[in-house]
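Here are my notes on the structure you asked me to look over.

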Amino acid sequence: MTLSIHNTLHRTKEVFDPISADHVRMYVCGPTVYDYAHIGNARPVVIFDVLARLLRHLYPKVTYVRNITDIDDKINAASRESGEDIRAITERTAKVFQDDMAALGALPPDIEPRCTDHVTQMITMTEQLISSGNAYEADGHVMFHVPSMAEYGQLSRHSRDELIAGARIDVAPYKKDPADFVLWKPSDDLTPGWESPWGRGRPGWHIECSAMAQTYLGDEFDIHGGGQDLIFPHHENELAQSRCANHTNGMARYWMHNGYLMAEGEKMSKSLGNFYTVHDLLDEFPGEAIRLVLLQTHYRQPLDFTKEGIAEARRTLDKWYRFNDGNQSASDAIPDGIISALSDDLNTPKAIAELHRLTADPSEESKAAFLAGAQFLGLMQQELDDWFRWSPAGATEIDEAVVDALIAERTEARLGKNFARSDEIRDELAAQGIVLEDSVDGTTWKRG
RNA sequence: GGCGCGAUGGCGGAGAGGCUACGCAGCGGCCUGCAAAGCCGUGUACGCCGGUUCGAGUCCGGCUCGCGCCUCCA
């Protein structure tokens with residue numbers, strides 16, 4: 001099976017040709033842990049989780065690195081505002097992030113490095129950039145000198161002149177060139193800092209990824225991923241730093257970026273009330289339904305995320321859980337249709353259509369294939385009862401014994417043709433969000 | 001202003017120069033005491049204007065609308 005992926009570097013779909021077929025290496029930019037992840041942050045996590053699963057299926061060894069950024073001025077600002085210790089904020093937020101992503105069915109990456117553990121590597125890389133003539137120290141800062149790299153802008157396709165023309169902020173006086181960006185900056189006594197050859201300070205906001213990727217994946221690796229909004233400046237600057245420090249022609253062979261996400265037809269913003277954190281959504285919907293919404297749209301397409309969309313995805317999963325009534329086990333082989341769809345630049349909507357196609361055939365063979373395919377995509381992970389009896393956070397507890405007693409009473413009433421009482425019981429339960437289903441085998445219930 | 005992305009049937013969403021996408025919802029039917037679930041059947045589409053072609057959602061040009069990014073982040 002040939003894997004092809006869209007490479008942002010060339011803006012075309014290309015056949016994936018790893019540096020070493022024995023060991024595929026991928027780096028994805030992870031969260032800055034100062035606040036709960038919103039659904040836009042979850043999109044790359046789920047997308048690259050699918051890619052990691054696919055790579056592991058196609059290649060013998062895969063190393064997937066996704067960092068946690070725990071040094072950032074937004075974190076410092078959050079700490080100043082709330083008074084909470086920086087370490088406490090980052091630990092707490094990182095834990096919630098990991099739990100929330102697990103609830104979305106995303107497997108943990110192989111390595112999840114933190115910036116605070118890699119400051120030494122960042123300092124080393126910064127020193128390398130100074131000695132190679134690509135960076136300079138000025139006024140306590142170390143700056144990357146953009147004109148020192150001829151190919152700067154190759155990823156985002158911004159020319160240096162355009163950047164300067166479009167700049168929205170004043171140029172700091174210590175910059176040699178308006179396009180230069182920071183590698184290291186000084187910290188005052190109230191700000192976290194590390195000792196360095198340039199005094200006590202902290203890293204700029206791109207060098208972390210360059211340093212951590214180099215540490216775990218080497219000077220050059222296969223895939224670098226993230227959201228489209230990271231193309232510039234983050235990835236452009238990472239690319240420049242890594243190439244110049246490591247003396248390579250590229251950092252990653254393939255750069256992949258997922259499209260942006262809107263919520264309820266508008267850009268997500270707190271003031272519009274459509275700002276969804278994954279943590280809050282998980283109180284309201286099962287994680288698998290959220291995952292399915294994310295996979296139903298191709299990763300490079302814009303996605304309008306709506307609660308109605310999650311509800312619809314949940315109904316689709318209801319249907320799938322019914323189709324696979326809990327008695328099947330997944331076949332060993334992942335259906336070809338799933339693998340070939342995913343191998344075509346991660347065409348998850350097409351893979352999902354393939355799942356729908358398999359549900360049209362009620363044979364045991366098809367059910368086993370369906371289950372294998374769905375589970376490969378990180379879906380159909382629940383027990384049947386857990387899925388149908390899932391309830392939102394804060395919902396009233398259901399006393400199953402009471403429900404069973406009412407069902408028994410209703411069955412009696414139906415046998416006695418007392419349909420008035422029978423329907424009354426059904427309505428009563430429906431009011432509590434319980435839906436009854438009669439079949440030849442008796443009556444079962446689920447949460448509606 | 002610069003760079004880039006998107007526009008498909010009521011909704012979601014693939015595909016791609018000639019061939020059914022698919023799902024949801026709707027409608028008709030079967031089943032059911034009635035429902036629910038399930039099953040069968042069924043309608044509707046490619047933003048606008050030109051062009052290329054025997055033939056264009058699919059290629060080219062222009063336009064309209066929506067959106068992203070434009071550095072030490074907000």
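**Notes on chain A**

1. Overall make-up. Chain A has a secondary structure of 16 helices and 14 strands. Please keep in mind as you read that this is a predicted model. The C-alpha trace spans about 90 × 50 × 35 Å along its principal axes. Of the 448 residues in the chain, 51% count as buried. Among contacts with a separation of 6 or more, 75% come from residues 24 or more positions apart.

2. Domains. The domain assignment divides chain A into domain 1 (4-258), domain 2 (283-388) and domain 3 (400-447). Between the C-alpha centres of domain 1 and domain 2 there are 32 Å.

3. Where domain 1 meets domain 2. How many residues are in contact here? On the domain 1 side there are 23, and they touch 26 residues of domain 2. The size of an interface is often expressed as the accessible area lost when the parts come together. For this pair of domains the buried area is about 2100 Å², and carbon and sulfur atoms give 65% of that.

4. Polar links across that interface. Two salt bridges are counted between domain 1 and domain 2. Nine residue pairs are found in polar contact across the interface, with both residues at pLDDT 80 or more. On the side of domain 1 that touches domain 2, the elements giving two or more residues are β1 (4-7), α1 (39-58) and β10 (252-258). Of these, α1 gives the most, with 12 residues. By type, the residues on this side of domain 1 divide into 13 nonpolar, six polar and four charged.

5. Side chains of opposite charge can pair when their charged atoms come close. In total the structure holds 25 salt bridges. One of the pairings is between Glu-112 and Arg-66, whose side chains meet at 3.3 Å, N to O. This pair links distant parts of the chain, since Glu-112 sits in the loop between α3 (86-103) and α4 (119-131) while Arg-66 belongs to strand β4 (residues 62-66), 46 residues apart. Are the two partners buried or exposed? Glu-112 is partly exposed, at a relative accessible area of 24%, whereas Arg-66 is buried, at 4%.

6. Arg-410 and Asp-438 form a salt bridge in which the closest N and O atoms are 2.9 Å apart.

7. A pairing within α16. Arg-426 forms a salt bridge with Asp-423, with 3.6 Å between the closest N and O atoms. Why can they face each other? An α-helix has 3.6 residues a turn, so residues three or four places apart point the same way. Arg-426 and Asp-423 are three residues apart in helix α16 (residues 419-431), a separation of about one helical turn. Both are partly exposed: Arg-426 has a relative accessible area of 36% and Asp-423 has 34%.

8. A network. Salt bridges also link Asp-49, Arg-53 and Arg-291 in a network.

9. The surroundings of Arg-202. This residue is in strand β8 (residues 201-203). At 11% relative accessibility, Arg-202 counts as buried. Its side chain makes a polar contact with the side chain of Asp-73, at 2.9 Å. Beyond neighbours within four places in sequence, the residues in contact with Arg-202 include Asn-76, Trp-184, Pro-192 and Trp-194.

10. Helix α11. In α11 (residues 336-343), the buried residues are Ile-338, Ile-339, Ala-341, Leu-342 and Ser-343. What covers them? The cover includes β1, α1, α12 (348-359) and α13 (364-376). After α11 comes Asp-345, with a positive phi near 50 degrees.

Technical notes. Residues are numbered from 1 along each chain as its sequence is written. Chains are lettered from A and ligands numbered from 1 in the order in which they are written. This is a predicted model: local features need pLDDT of at least 70, side-chain atom pairs count only at pLDDT 80 or more; totals for chains, interfaces and linings use all residues. Side-chain values use heavy atoms; hydrogens and water are left out. Domain bounds come from an automatic or database domain assignment. Contact means heavy atoms within 4.5 Å. Buried area is the accessible area (1.4 Å probe) that two parts lose on being put together, summed over both. A salt bridge is a side-chain nitrogen of Lys or Arg within 4 Å of a carboxyl oxygen of Asp or Glu. A polar contact is a pair of N or O atoms within 3.5 Å; within protein, one must be able to donate a hydrogen and the other to accept it, and residues adjacent in sequence count only if both atoms are side-chain atoms. Helices (H or I, at least four residues) and strands (E, at least two) are DSSP runs, numbered from the N terminus. Ala, Val, Leu, Ile, Met, Phe, Trp, Tyr, Cys and Pro count as nonpolar, Asp, Glu, Lys and Arg as charged, and the others, Gly among them, as polar. Buried means under 20% relative accessible area, exposed over 50%, partly exposed in between (1.4 Å probe, protein chains only).
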